[in-house]
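The sequence and structure come next.

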Amino acid sequence: MEFKSIDQLTINDCCNHLSISRNLLEQAVVATKGDTSLLYDRVFDGQPLTGVKEEIARRLISLLIEDRRIFLSCQTGAITYEQYLSISNDGLWRSETSKKIKEIRDQQEEKEYYRRNQHTIDGLERYLHKYPHGIFSQTVRKTLNDKKKNRVVKLITICTAILIAVFVLCYINYHSSSYISSDSDVAFGKKGGTTTCNISTDAISENIQTYVAEDWIKTTIENGSLVIKTSPNHGDSRNAIVHLYAYTTLFGINLWKKDFNVSVKEESGLSTFLTVSNSSCSFDKYGTGEFGCSVETDGMNLNISSDADWIVLKKNVAEKGNNFNAKLTITTKINESGERTGMILVKSDKFEKRISVKQNSGLASYFTVSPNSLVMDEEGTEEGYCYSVEINTDGTTWSVSDVPDWLTAETKIQNGKLQVTLPENNGRIKTGTITVISNNGDSRDISVKQWGDPTDFSASTSTVKFGTSSDYEYISISNNSKKNLSVSDDENWLSATVINSSKIKVSCSQNNSSPRSGAVTVICGHEEISVTIKQDGWGECSSCDGEGETRCNHCSNGYTACTNSNYMGVFDNLGQYGHGRNITLYSYDPFTGMQFPSGGRLEICPTCNGSFKVKCSYCGGDGKRTCSRCKGSGKIKKSY
């Protein structure tokens with residue numbers, strides 16, 4: 001329980017110490033109007049209080065007077081009811097204060113609701129529905145009646161104005177039409193085109209419409225004229241009917257119409273001839289130069305294509321009178337294979353012409369590289385410099401099929417060179433092979449080698465084993481580098497130090513737990529060698545389960561059966577005398593020296609004192625013996 005001093009006690013604390021009900025305090029404070037002496041007498045009813053209780057009672061009276069003062073401040077507006085709740089955590093007037101806060105909030109909510117809805121009839125009706133006896137209910141009812149009367153007058157005025165406006169609008173928006181006419185026949189050539197026909201009508205331009213069913217002809221009404229546009233004709237001659245309509249409308253609604261038809265004809269676009277200036281051409285293996293050819297036809301459907309992707313075809317089609325002339329420019333790509341032929345097809349409707357294209361073989365007949373080996377410095381190549389290999393071939397192309405990942409081999413086919421660049425080598429010597437292949441499948445190998453530092457870097461052993469005791473061992477390092485060695489280890493029981501450029505020392509601490517393993521890393525430049533370190537440890541003895549002792553197998557709980565032959569138990573026959581003790585009743589035959597149960601005296605066995613058992617001579621009565629495998633330590637040595 002938390003200890004509080006008297007000046008820290010709350011009203012509830014005082015009531016608990018004095019065993020007073022809070023319910024009686026509120027009535028007492030109201031009845032005495034905050035008079036201290038009257039309140040004291042009223043609360044304690046003249047009961048004498050002494051010592052700590054009297055101090056607590058004084059504390060309670062002062063808290064009640066202060067609580068009443070704060071509550072009365074809320075009523076005068078000095079502070080808000082919310083402030084009272086935050087100040088008086090266990091005041092007598094918290095319940096009444098909460099009610100007051102709710103009443104104030106309800107009033108504020110009603111005022112806000114009235115403010116939002118006071119300007120419309122629907123809003124005023126919503127207010128009366130929610131607050132039928134509210135603060136503003138009388139004002140709302142009067143305002144609502146006035147607004148409804150004004151609305152009726154306004155509706156009558158608006159309806160009258162609408163009727164007048166409708167009549168005027170109908171008069172303004174009525175447009176009549178009694179006739180329409182235009183050119184009756186229009187003709188186009190095979191290339192199509194656009195023509196404009198004048199329209200004669202008494203309809204306004206907005207009420208003139210046109211319609212045509214065929215998709216090769218488009219019609220529009222522009223500035224009171226009919227505009228007809230046809231697309232080029234790639235087929236036989238064709239005809240169409242253009243419909244003109246003039247509507248009588250009211251408010252844009254079509255009431256009835258007058259119509260007129262225009263006949264449209266377009267001549268055939270099919271070809272009647274096709275000519276080609278050349279029927280064949282040839283190129284060298286590099287596709288040097290270009291070949292020109294002229295094509296002419298009177299048809300609209302001229303199609304020129306090639307059956308080979310190595311043929312590059314450019315065409316420029318222009319009109320020549322009523323015919324079409326195509327200027328062809330033919331080139332080829334570099335040939336990386338054998339001799340090849342292709343075909344250019346020129347077609348216009350039922351007419352076809354072919355142009356044969358031939359290109360010489362681009363395969364290599366010889367292929368050499370020089371030099372066929374490169375030995376490069378460890379510093380690599382600077383920017384703008386490279387190692388160069390000459391590639392000699394009559395083939396149009398060659399490529400690199402294999403290259404080591406530590407260098408870059410760039411082909412310069414036009415210059416017949418292979419350029420090799422590589423970064424600095426901070427490790428061992430690097431070797432590899434660059435394979436160059438010609439377009440006939442022949443390959444040539446270029447051996448590459450880059451000096452490094454170190455070029456010889458190895459350890460005399462990859463694994464070091466230690467016993468359980470602390471120990472150390474030297475490891476020899478083969479190293480022809482001028483760079484310094486450094487070492488690192490990954491376990492806190494390991495330590496490694498550099499002795500010189502060809503020797504390191506590895507040490508381990510004593511191991512009293514399980515076998516363990518770690519690693520030492522030897523570093524020279526960018527080269528690393530890892531040496532595994534293993535150390536023997538200890539494991540629990542399986543013979544004694546780590547206890548150091550095993551059960552004695554010569555006894556039971558440290559005792560063995562009594563074997564005194566002079567006292568053979570006859571308890572089974574004479575139990576009424578022995579009372580459960582090892583006894584014998586015997587007679588002695590002096591002639592044979594034999595003892596046998598018969599009449600005589602009753603004696604207790606002196607060896608076991610009648611208990612039938614004696615302490616085990618192997619374990620001394622403990623029932624356990626020292627484990628022979630671990631010699632009593634409970635642990636045995638184990639290797640990693």
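## A strand pair and its sheet

M343 stands opposite S356, a residue of β18. The model is a predicted one. In it, strand β17 (residues 340-348) and strand β18 (residues 351-359) run antiparallel and are joined by nine bridges.

Both strands belong to an open sheet of four strands with mixed pairing, in the order β12-β18-β17-β14. The edges are taken by β12 (280-283) and β14 (302-306); each has a single partner strand, so one side of each is left without a neighbour in the sheet. On average, and with direction ignored, neighbouring strands of this sheet are turned by 15° against each other. Strands of a sheet pair through backbone hydrogen bonds, which may be parallel or antiparallel in arrangement.

The structure contains 18 salt bridges. One of them brings together the side chains of K130 and E109, at 3.8 Å from N to O. K130 sits in helix α7 (residues 121-130) and E109 in helix α6 (residues 94-117), so this pair links distant parts of the chain, 21 residues apart. K130 is partly exposed, with a relative accessible area of 41%, and E109 is also partly exposed, at 42%.

Salt bridges also link E112, R115 and R116 in a network.

## Salt bridges that involve strands

The side chains of E319 and K191 form a salt bridge of 2.9 Å, N to O. E319 is part of strand β15 (residues 311-320), whereas K191 is in the loop between β3 (185-188) and β4 (193-198); the two are 128 residues apart and link distant parts of the chain. E319 has a relative accessibility of 57% and therefore counts as exposed, the cut-off for that class being over 50%. K191, with a relative accessible area of 24%, is partly exposed.

In the salt bridge of E390 with K417, the closest N and O atoms are 2.2 Å apart. E390 lies in strand β21 (residues 387-393) and K417 in strand β24 (residues 417-421), so the pair ties together parts that are 27 residues apart in sequence. Both partners fall in the partly exposed class: E390 has 33% relative accessibility, and K417 has a relative accessible area of 25%.

## A nonpolar surface patch

Which residues make the nonpolar surface patch? They are L169, Y174, F251, I253, L255 and W256, and the patch has an area of about 610 Å². Strand β10 (residues 253-266) gives the most to this patch, with three residues.

W256 is located in strand β10. Its relative accessible area of 47% makes W256 partly exposed.

## A buried serine

Is S225 buried or exposed? S225 is buried, because its relative accessible area is 14% and buried means under 20%. The residue is found in strand β8 (residues 225-230).

With neighbours within four places in sequence left aside, S225 is in contact with T196, C197, N198, I199 and T220.

Methods: Residues numbered from 1 in each chain as written. Predicted model: local features only at pLDDT ≥ 70, side-chain atom pairs only at ≥ 80, totals over all residues. Heavy atoms only, no water. Patch = residues over 30% accessible without salt bridge, like charges linked within 9 Å, V, L, I, M, F, W, Y side chains within 5 Å. Areas by Shrake-Rupley, 256 points an atom, 1.4 Å probe, with all protein chains shown as cover. Salt bridge = Lys/Arg side-chain N within 4 Å of Asp/Glu carboxyl O. Buried < 20%, exposed > 50% of the residue type's maximum accessible area, 1.4 Å probe, protein only. Pairing = 2+ DSSP bridges. Axes fitted to C-alpha atoms, helices over the stretch in contact; angles between N-to-C directions. Contact = heavy atoms within 4.5 Å.
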